[in-house]
Amino acid sequence: MKAVLSGGGTAGHINPALALAEELGRRGWEVLFAGTPTGVEAKLVADAGIPFKGFAASGFNRKKPLSLIKGVATIQKSTGAAKRWFKEIEPDVVVGFGGYVCVPVGRAAESLGIPVAVHEQNSVMGMANRYLARRAAAICLTYEHAASALDEGERGRVVLTGNPVRSQVLTATREAGRAMLGVPENARMLLVTGGSLGARHVNQAVMALKDELLSRPDLHIVHLTGRREYEAVKHDLALTDEQAARWQVIDYQDRMGDCMAAADVIVSRAGASSLAEISALAVPALLVPFPAATEDHQTMNARAYVDAGCAYLVPDAEVEDPVFAERLLRLIDDASERERMRSAARAQNTSGAAAKLADAVIAAANAR
């Protein structure tokens, strides 16, 4: 059996696809990937050792009619190329994870009678997934709220799977993470991250608590600033050598699973992949959703997780208010609250999401 996975634009679309690829591979499936030739997916998929096929795709600006004409022409051309490729490789199912490239890939599959499944990572469905969901054999969701965008007939094809997490995150351990970071086993550890580029507002809010955090002699801070924020954070913190022994300032870390597994508390944005990894490793969290996310979907992602008892939420506009410090310090100081959150996170069973998604994809293929 053979599956083609498709997604592009951000790692948030690609990482769950790679987690599904791992699960399907364990079940004896052959997996290929369709993405844009120059997108982040090209490198991530190649690094994972999965055969990759590139198709051009572009978005459009409703205020610029010419961009719409160009976008439609690109989709039509790529749809034809994908059809030719599918006739050659004969996949049993195509799975879209979001991003413009999924549209021509999904349309090509539909035209040839190949079952299509979609997986939506966020609480608000993206444009490509919403388009493909109209005829998809399976509509797989992380959050039940995303189904509100579907009509009654489409909701009958919904499967709540959760958001798959790659095995390299699931197998990360506290011991390995702390050894990598040089954090003592008996210390408390706070992990701060705003994504690969960084989150200035989050960084500033944490830096404002420098003296309060360092007053706890057993607390180590691992501060992932983001590449564009690194120099500014180092300058503004102005750590002494003694302080720097407990406050690590790092621009970027590609072993996020190890970092999260090592942490007692995390401050993070609320992107779908970040939340899935936090949930899978059951890390008590203070979430600060990115306010400019499409349709404010990070806030909705976070609220669902907070409602389950797994985290606190502070809006980005309120990180300078006392509530941010109060909630962060409570998580750091209250072991019973951290354990309560860990138990709630484990109950989400995020580690089983890849298997649930694979079951839904295989069922769609078998129903052909």
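# Reading strands, helices and loops in a predicted model

Q: What is the strand order of the open sheet of six strands, and in which sense do the strands pair?
A: This is a predicted model. In general, strands of a sheet pair through backbone hydrogen bonds, either parallel or antiparallel. Here the order of the open six-stranded sheet is β10-β9-β8-β11-β12-β13, and the pairing is parallel. β10 (247-250) and β13 (311-313) are the edge strands, each pairing on one side only. On average, neighbouring strands of this sheet are turned by 15° against each other, with direction ignored.

Q: Which helix packs on this sheet, and which strands are touched?
A: Helix α9 (residues 200-207) packs there, touching β8 (188-193), β9, β10 and β11 (265-268). The direction of α9 makes about 160° with that of β9.

Q: How many bridges join β9 to β10, and how many join β8 to β9?
A: Strand β9 (residues 219-224) is joined to β10 by four bridges, and the two run parallel. Between β8 and β9, also parallel, there are six bridges. Ile-221 stands opposite Trp-247 in β10, and the bridge partner of Val-222 in β10 is Gln-248.

Q: Which way do the side chains of β9 point, and are they buried or exposed?
A: In a regular strand the side chains alternate between the two faces of the sheet. In β9, Leu-219, Ile-221 and His-223 point one way, while His-220, Val-222 and Leu-224 point the other way. Six of the six residues of β9 are buried, so the strand is largely enclosed by the rest of the structure.

Q: Which residues of β6 point one way and which the other?
A: The general idea is again that side chains in a regular strand alternate between the two faces of the sheet. From strand β6 (residues 138-141), Ala-138 and Cys-140 point one way and Ile-139 and Leu-141 the other way, and all are buried.

Q: Which strands pair with β6, and in which sense?
A: Strand β5 (residues 116-120) is joined to β6 by four bridges, and these strands run parallel. Val-118 stands opposite Ile-139 in β6. Strand β7 (residues 158-160) also pairs with β6 in the parallel sense, over three bridges. There, Leu-141 has Leu-160 in β7 as its bridge partner.

Q: What is the handedness of the β-α-β unit made by β5, α5 and β6?
A: The unit formed by β5, helix α5 (residues 127-133) and β6 is right-handed.

Q: Where is Ser-123, and is this residue buried or exposed?
A: Ser-123 lies in the loop between β5 and α5. Its relative accessibility is 2%, so Ser-123 counts as buried. Apart from residues up to four places away in sequence, Ser-123 touches Tyr-143, His-145, Ala-146, His-297, Met-300 and Asn-301.

Q: Is Glu-154 buried or exposed, and which residues is Glu-154 in contact with?
A: Glu-154 is found in helix α6 (residues 152-155). Its relative accessible area is 3%, so Glu-154 is buried. With neighbours within four places in sequence left aside, the contacts of Glu-154 are Arg-130, Ala-133, Arg-134 and Ile-139.

Q: At roughly what angle do the axes of α1 and α18 cross?
A: The axes of helix α1 (residues 11-26) and helix α18 (residues 353-366) cross at roughly 70° and come within 9 Å. The two helices are therefore roughly perpendicular to each other.

Q: Which residues of α1 and α18 meet?
A: From α1 come Ala-19, Leu-20, Glu-23 and Leu-24; they meet Ala-354, Ala-355, Leu-357, Ala-358, Val-361 and Ile-362 in α18. The residues of this contact divide into nine nonpolar, no polar and one charged.

Q: What is the phi of Glu-90, and what is that of Ala-238?
A: Most residues other than glycine have a negative phi, and most peptide bonds are trans. Glu-90 has a positive phi, near 55°. Glu-90 sits in the loop between α3 (65-89) and β4 (93-96). At 60% relative accessibility, Glu-90 counts as exposed. Ala-238 also has a positive phi, near 50°, and is placed in the loop between α11 (230-237) and α12 (241-244).

Key:
Residues numbered from 1 in each chain as written. Predicted model: local features only at pLDDT ≥ 70, side-chain atom pairs only at ≥ 80, totals over all residues. Heavy atoms only, no water. Buried < 20%, exposed > 50% of the residue type's maximum accessible area, 1.4 Å probe, protein only. Pairing = 2+ DSSP bridges. Right-handed = clockwise from strand over helix to strand, strands pointing away. Axes fitted to C-alpha atoms, helices over the stretch in contact; angles between N-to-C directions. Parallel < 35°, antiparallel > 145°, perpendicular 65-115°, else oblique. Contact = heavy atoms within 4.5 Å. Nonpolar A, V, L, I, M, F, W, Y, C, P; charged D, E, K, R; others polar.
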